[in-house]
Amino acid sequence: MALSVETESHIYRALRTASGAAAHLVALGFTIFVAVLARPGSSLFSWHPVLMSLAFSFLMTEALLMFSPESSLLRSLSRKVRARCHWVLQLLALLCALLGLGLVILHKEQLGKAHLATRHGQAGLLAVLWAGLQCSGGVGLLYPKLLPRWPLAKLKLYHATSGLVGYLLGSASLLLGMCSLWFTAAVTGVAWYLAVLCPVLTSLVIMNQVSNAYLYRKRIQP
């Protein structure tokens, strides 16, 4: 028996709501897991994984889900308020990422190790630089009068697409970090595979939510 269009729509929205809730919990749980594992303050390096997971797993996930019709924790607020909250979260994520990057550079300097010698380091640097450019681009959306020649709709599309790419770069950096000697020495077996699934799951959810949030906005706009 075929389902009606209305029933399919309800099921689809329920699945998106459930996946969004899972992304919130996984992003938070992964960040807490890394913090417990790293024990921030136990060494200079210990702050690096904590700050990077806070930036690319928790803060960026929350920032991107801010505009989801089903998964935003602030969906009852106006879009203008949510846009401000999104920018604040992205800025906090960038600050955490810059601090995490600076601390690991200082740590390597103290040990006399080479910089950017691994895929993880290279991906991490690219993700941080991309996040910086993304935050700069967000200023043009907060104050569109700064870019009067650019249609606002196109700016939003470019910003959303670029933000998704930046999020995936951050997730890739986290995945590569979980292949490092530090992480594999502390986390093994099933726990390692579960940890790897965390950024994979949130990335899949974010890709779906961001694309559908844009389509939803186009549908409701006159």
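L116 first: at 41% relative accessibility, L116 counts as partly exposed. On that scale, buried means under 20% relative accessible area, exposed means over 50%, and partly exposed is in between, with a 1.4 Å probe and protein chains only. L116 lies in the loop between α3 and α4. Helices here are DSSP runs of H or I with at least four residues, strands are E runs of at least two, and both are numbered from the N terminus. Phi of L116 is near 55 degrees, a positive value in a residue other than glycine.

Now the ground rules. This is a predicted model, where local features need pLDDT of at least 70, side-chain atom pairs count only at pLDDT 80 or more, and totals for chains, interfaces and linings use all residues. Residues are numbered from 1 along each chain as its sequence is written, and side-chain values use heavy atoms, with hydrogens and water left out.

R39 also has a positive phi, about 50 degrees, although R39 is not a glycine. Find R39 in the loop between α1 and α2. R39 counts as exposed, at 55% relative accessibility.

On to charges. Side chains of opposite charge can pair when their charged atoms come close. How many salt bridges does a search of the whole structure find? Two. The criterion is a side-chain nitrogen of Lys or Arg within 4 Å of a carboxyl oxygen of Asp or Glu.

Take R13 with E70: the closest N and O atoms are 3.3 Å apart. R13 sits in helix α1, residues 5–38, and E70 in the loop between α2 (47–65) and α3 (79–111), so this pair ties together parts 57 residues apart in sequence. R13 is partly exposed at 38% relative accessibility. E70 is buried, at 9%.

Next, R16 with E70. Here the N to O distance is 2.5 Å. R16 is in helix α1 and E70 in the loop between α2 and α3, so the pair links parts that are 54 residues apart in sequence. Is R16 buried or exposed? Buried, with a relative accessible area of 4%. The salt bridges share partners, and R13, R16 and E70 join into one network.

Now helix α5, residues 152–177. Its 26 residues should span 38 Å at 1.5 Å a residue, and the end C-alpha atoms are 37 Å apart, which agrees. The expected span is 1.5 Å times one less than the number of residues. Buried residues of α5 include L155, H159, Y167 and L174. Several glycines are buried there too, among them G163, G166 and G170.

What packs on α5? Helix α4, residues 119–142, does, at about 160 degrees with the axes 8 Å apart. Axes are lines fitted to C-alpha atoms, for helices over the stretch in contact, and angles run from 0 to 180 degrees between N-to-C directions. α4 and α5 are therefore roughly antiparallel; that label needs an angle over 145 degrees. The contact residues divide into ten nonpolar, twelve polar and two charged. Nonpolar covers Ala, Val, Leu, Ile, Met, Phe, Trp, Tyr, Cys and Pro; charged covers Asp, Glu, Lys and Arg; the others, Gly among them, are polar.

α2 packs on α5 as well, at about 150 degrees, axes 10 Å apart. That makes α2 roughly antiparallel to α5.

Last stop, A191 in helix α7, residues 189–220. A191 is partly exposed, at 38%. A191 and W130 are 61 residues apart along the chain, and their C-alpha atoms are separated by 30 Å.

Definitions and conventions:
Angles under 35 degrees count as roughly parallel, over 145 as roughly antiparallel, 65 to 115 as roughly perpendicular and the rest as oblique.
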